[in-house]
Amino acid sequence: MTTTDSSPSRDFIRNIIAKDLKANKNECRVVTRFPPEPNGYLHIGHAKSICLNFDIAAEFGGVCNLRFDDTNPSKEEVEYVESIKSDVRWLGFDWYNMLFYASDYFDQMCRYAVQLIKDGKAYVCSLNTEEIREYRGTLTKPGKDSPYRKRSVEENLDLFERMRAGEFEDGSHVLRAKIDMASPNMNMRDPTIYRIRRVAHHRTGNKWCIYPMYDFAHCLSDSIEGITHSICTLEFEDNRPLYDWFLDRLNVLHPQQIEFARLNLSYTVLSKRKLVQLVEQGHVTGWDDPRMPTVSGLRRRGYTPESIRDFCERIGVAKRDSMVDIALLEHCIREDLNEKSPRVMGVLRPLRVVIDNYPEDQVEELEGPYHPEDQGMGSRKLPFSRELYIERDDFREDPPKKYFRLAPGREVRLRYAYYIRCEEVVKDEQTGEVVELHCTYDPKTRGGWSSDGRKVKGTLHWVSAPHALKAEVRLYDRLFEKANPGDQKDVPDFTACLNPRSLEALTSCRVEPSLAGAAPGSRCQFERLGYFCVDSVDSYPEALVFNRTVTLRDSWAKIEKKAKK
RNA sequence: UGGGGUGUCGUCAAGUGGUAAGACACAGGAUUUUGGUUCCUGCAUUCGGAGGUUCGAAUCCUCCCACCCCAGCCA
């Protein structure tokens with residue numbers, strides 16, 4: 001499907017591509033690529049780039065390659081390539097058979113390097129790291145030529161061949177592009193294009209001891225694959241002249257590099273360095289900790305791929321540095337889960353309720369639909385008995401204004417069950433803590449309806465005490481207390497901004513019996529509480545563990561908060 | 001202080017000389033057996049600032065200001 005003139009403009013990148021297509025550029029092909037380095041796990045910032053590249057390809061009838069930018073063996077591992085592949089797939093994208101590795105092109109790149117040498121456009125430099133830095137100059141002072149810059153083509157060819165053959169120590173020589181040591185763009189001051197690195201590569205093993213640098217490898221990989229639009233983030237803007245330089249000198253297919261602003265999300269961090277620190281210092285349990293902004297963390301938290309894709313679409317694509325409010329991500333998951341999740345009841349902090357006028361050995365099966373707006377989801381049976389649990393938050397001895405829930409003498413509805421009235425409060429003699437409520441029910445309100453027109457303001461969720469399943473529920477909250485933990489002036493280390501209450505594990509929760517054996521990864525809404533999923537690591541059919549994905553919007557909490565001020 | 005970028009509502013973001021879309025957030029209200037959902041309503045006389053061009057400027061010109069990126073043999 002090709003976009004037509006009538007299609008509305010979505011963002012500046014799609015506008016560029018639409019214009020290119022109209023001008024018959026690239027024989028009207030569109031080929032993009034997602035090019036991660038396999039040195040870590042994917043996070044939601046990568047998801048933005050994945051959605052951009054794969055969606056653009058699909059919209060313009062093109063393809064998007066998955067290419068691993070594996071030019072630095074000392075940082076890369078197969079474990080990462082596997083996790084990246086599975087994350088991209090989980091997000092719902094398909095690269096078909098277009099799976100590549102920059103390392104696939106090492107031979108070809110070497111030939112290109114030789115060509116540059118022959119053309120007098122590259123030379124072997126034998127300065128060490130510090131010397132190269134000194135010769136490079138500074139932002140305001142031009143650099144000066146390396147003493148090795150004038151080596152003959154023959155000498156350079158010989159030296160480079162011997163670098164490749166493994167005759168030299170790591171760091172003793174590099175191959176450099178011969179450009180301009182006085183360029184105002186630091187990237188053009190004779191950048192290194194090959195370095196000696198005796199490290200086993202996760203794919204090529206010990207075949208190579210020299211590896212190309214990003215600037216050389218990336219543009220050539222794009223060119224070899226026939227990429228038309230090479231989309232990357234803003235910090236590569238200064239690298240674009242170099243990207244163009246190599247392709248022009250080598251006179252090969254010349255993709256267009258386009259830069260966009262990377263994602264920043266409030267109340268979290270997205271830099272690899274910081275995410276590594278969170279894992280290594282044990283602030284989280286791992287890369288897939290449900291509080292992590294990684295794809296695997298979001299997945300375990302209960303986020304759906306659809307919600308993440310929707311989010312990436314809504315945030316847009318532009319060039320300005322921005323900080324997206326995490327409330328938008330939360331909105332996206334709520335919207336998706338509202339439609340998809342079966343409603344069930346679970347009590348997080350149980351308070352025992354005895355219905356004094358309910359027959360002791362009686363058990364009724366009440367009917368509860370799984371979804372208020374979707375009859376197609378069916379319903380389940382809810383056992384009701386004399387002893388129940390309700391949420392502690394749903395009872396107040398001294399109810400504040402506008403509190404609709406249970407209090408001494410008050411009547412509320414138990415969802416899909418009966419109206420009950422609180423008759424007596426039992427407290428622990430020592431602590432004064434409320435330990436049990438005695439209530440009476442109105443048998444004429446079965447199902448939660450009253451025929452006499454009597455209205456009740458509150459509806460509570462509940463479970464039958466003898467029938468409920470014990471479960472652990474993990475309540476997750478924002479990882480950081482500050483909107484921008486990475487940029488706090490008075491805080492030395494971003495970990496000082498961590499939210500100490502980002503995880504609260506409740507171990508004596510009770511959930512309705514229909515959840516018995518719930519499958520890991522399955523999702524539900526605990527009515528009035530939020531959306532939850534069965535943890536994919538720690539949950540077992542006989543010992544359920546739920547993760548709170550996100551709370552429901554809570555207007556009572558807002559009222560309460562306002563009243564306190 | 002050299003170079004490259006970017007400034008439009010609290011947060012994203014359209015807008016490309018014809019009189020400021022949309023989303024989230026927020027605030028009201030209606031409906032509701034989830035204080036959920038849904039539905040209404042409100043929310044930029046002004047586009048970083050100052051000048052200028054023009055009948056007309058967020059859009060063009062000039063100057064200024066702020067913020068981000070670059071001095072890896074990382075990507």
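Tutor: Let's start at Arg198, which counts as partly exposed at 42% relative accessibility. That label sits between two others: buried means under 20% relative accessible area and exposed means over 50%, using a 1.4 Å probe and protein chains only. Before we go on, keep in mind that this is a predicted model, where local features need pLDDT of at least 70, side-chain atom pairs count only at pLDDT 80 or more, and totals for chains, interfaces and linings use all residues. Residues are numbered from 1 along each chain as its sequence is written, chains are lettered from A and ligands numbered from 1 in the order in which they are written, and side-chain values use heavy atoms, with hydrogens and water left out.

Back to our spot. Arg198 has a salt bridge to Asp170, with 3.2 Å between the closest N and O atoms. (A salt bridge here is a side-chain nitrogen of Lys or Arg within 4 Å of a carboxyl oxygen of Asp or Glu.) Arg198 is in the loop between strand E6 (192-196) and strand E7 (210-212), while Asp170 is in the loop between helix H6 (153-165) and strand E5 (174-177), so this pair ties together parts 28 residues apart in sequence. (Helices are DSSP runs of H or I with at least four residues, strands are runs of E with at least two, and both are numbered from the N terminus.) Asp170 is partly exposed too, at 40%. Side chains of opposite charge can pair when their charged atoms come close.

That's one salt bridge; the structure holds 51 of them. Next up is Glu259, whose salt bridge goes to Arg240, with the closest N and O atoms 2.6 Å apart. This pair links distant parts of the chain, as Glu259 belongs to strand E9 and Arg240 to helix H8 (residues 240-250), 19 residues apart. Glu259 is buried at 2% relative accessibility, whereas Arg240 is partly exposed at 30%.

E9 runs parallel to strand E8 (residues 229-233), and five bridges join the two. Phi of Tyr267 is near 60°, a positive value in a residue other than glycine. Most residues other than glycine have a negative phi, and most peptide bonds are trans. Tyr267 is partly exposed, at 21%.

Strand E18 (residues 434-441) pairs in the parallel sense with strand E12 (residues 350-355), over four bridges. Across that pairing, Ile355 is opposite Cys439 and Arg352 is opposite Glu436. E18 is joined antiparallel to strand E17 (residues 419-427) by seven bridges, and there Glu424 is opposite His438. The hairpin of E17 and E18 has six residues between the strands, and in it Gly432 takes a positive phi near 80°. As for cover, six of the eight residues of E18 are buried.

One more salt bridge brings us back to the charges: Arg415 and Glu527 meet at 2.0 Å, N to O. Arg415 lies in the loop between strand E16 (411-414) and E17, and Glu527 lies in the loop between E23 and strand E24 (530-534), which puts the two 112 residues apart. Arg415 is partly exposed at 24%, and Glu527 is buried at 6%. Finally, there's a whole network of salt bridges to look for, linking Asp288, Arg300, Glu472, Arg474, Asp535 and Asp538.

How values were computed
Pairing = 2+ DSSP bridges.
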